[in-house]
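Biologist: Please show me the protein chain and its model. I would like to go through it step by step.

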Amino acid sequence: MIIIRLIRITIFQGAFELGSTVCPIAIKYNKIFVDAFWNSKKHSFTTHLLQLMTSWAVVCDVWYLEPQNMKPGETPIEFAERVRGIISARAGIKMVPWDGFLKYSRPSPKLKEVKQQAFAESVLRRLEDK
């Protein structure tokens with residue numbers, strides 16, 4: 001199962017581990033009348049449901065894409081990423097390496113420190129090259 005939200009694409013990889021044909025569908029919601037994505041950090045589910053039910057319409061574009069099969073030598077994760085790339089390209093959505101649940105937790109200080117160190121090293125390398 002693949003769920004597309006305005007900017008993010010979430011893939012449930014169990015479907016890709018079966019080795020069966022996957023029929024990708026790209027759905028991109030338009031915020032013209034209402035934002036169909038529920039941001040649980042901003043609104044309760046009841047509030048979101050009320051907004052959806054009282055809006056004029058929920059507008060979205062839907063694209064049915066070519067069925068995809070796992071290629072020889074491709075792992076289920078690679079297969080899922082390939083399908084995710086096809087969907088994001090068709091819907092014009094940026095692929096991101098997280099699934100949208102980052103809003104529920106903060107990155108650990110160690111992770112932030114590692115990322116900052118890597119960034120600092122890349123800046124220093126560029127400065128040394130000049």
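What follows is a short exchange of questions and answers about this chain.

Modeller: This is a predicted model, where local features need pLDDT of at least 70, side-chain atom pairs count only at pLDDT 80 or more, and totals for chains, interfaces and linings use all residues. Residues are numbered from 1 along each chain as its sequence is written, and side-chain values use heavy atoms, with hydrogens and water left out.

Biologist: What pLDDT does the protein chain average?

Modeller: The pLDDT is the predictor's confidence in each residue, from 0 to 100. In this chain, 82% of the residues score at least 70. The average is 81.

Biologist: Which strand has the lowest confidence?

Modeller: Helices (H or I, at least four residues) and strands (E, at least two) are DSSP runs, numbered from the N terminus. Confidence is highest in strand β4 (residues 59-64), at a mean of 90. Where pLDDT is low, the predicted coordinates should not be read in detail. The lowest mean is 46, in strand β1.

Biologist: How many residues apart are F16 and F79?

Modeller: F16 sits in the loop between β2 (9-11) and β3 (25-30). F79 belongs to helix α2 (residues 76-91). The pair therefore links distant parts of the chain, and the separation is 63 residues.

Biologist: Is F79 buried or exposed?

Modeller: Buried means under 20% relative accessible area, exposed over 50%, partly exposed in between (1.4 Å probe, protein chains only). The relative accessible area of F79 is 0%. Therefore F79 is buried.

Biologist: Which side chain joins Q68 in a polar contact?

Modeller: Q68 lies in the loop between β4 and α2. A polar contact is a pair of N or O atoms within 3.5 Å; within protein, one must be able to donate a hydrogen and the other to accept it, and residues adjacent in sequence count only if both atoms are side-chain atoms. At 2.8 Å, the partner of Q68 is R82.

Biologist: Which residue forms a salt bridge with R82?

Modeller: A salt bridge is a side-chain nitrogen of Lys or Arg within 4 Å of a carboxyl oxygen of Asp or Glu. The count comes to 2. For R82, the closest N and O atoms are 2.9 Å apart. The partner is E74.

Biologist: Why are R84 and E81 separated by about one helical turn?

Modeller: R84 and E81 form a salt bridge, with the closest N and O atoms 2.9 Å apart. R84 is buried, at 8%, whereas E81 is partly exposed, at 33%. They are about one turn apart because, in helix α2, their spacing is 3 residues.
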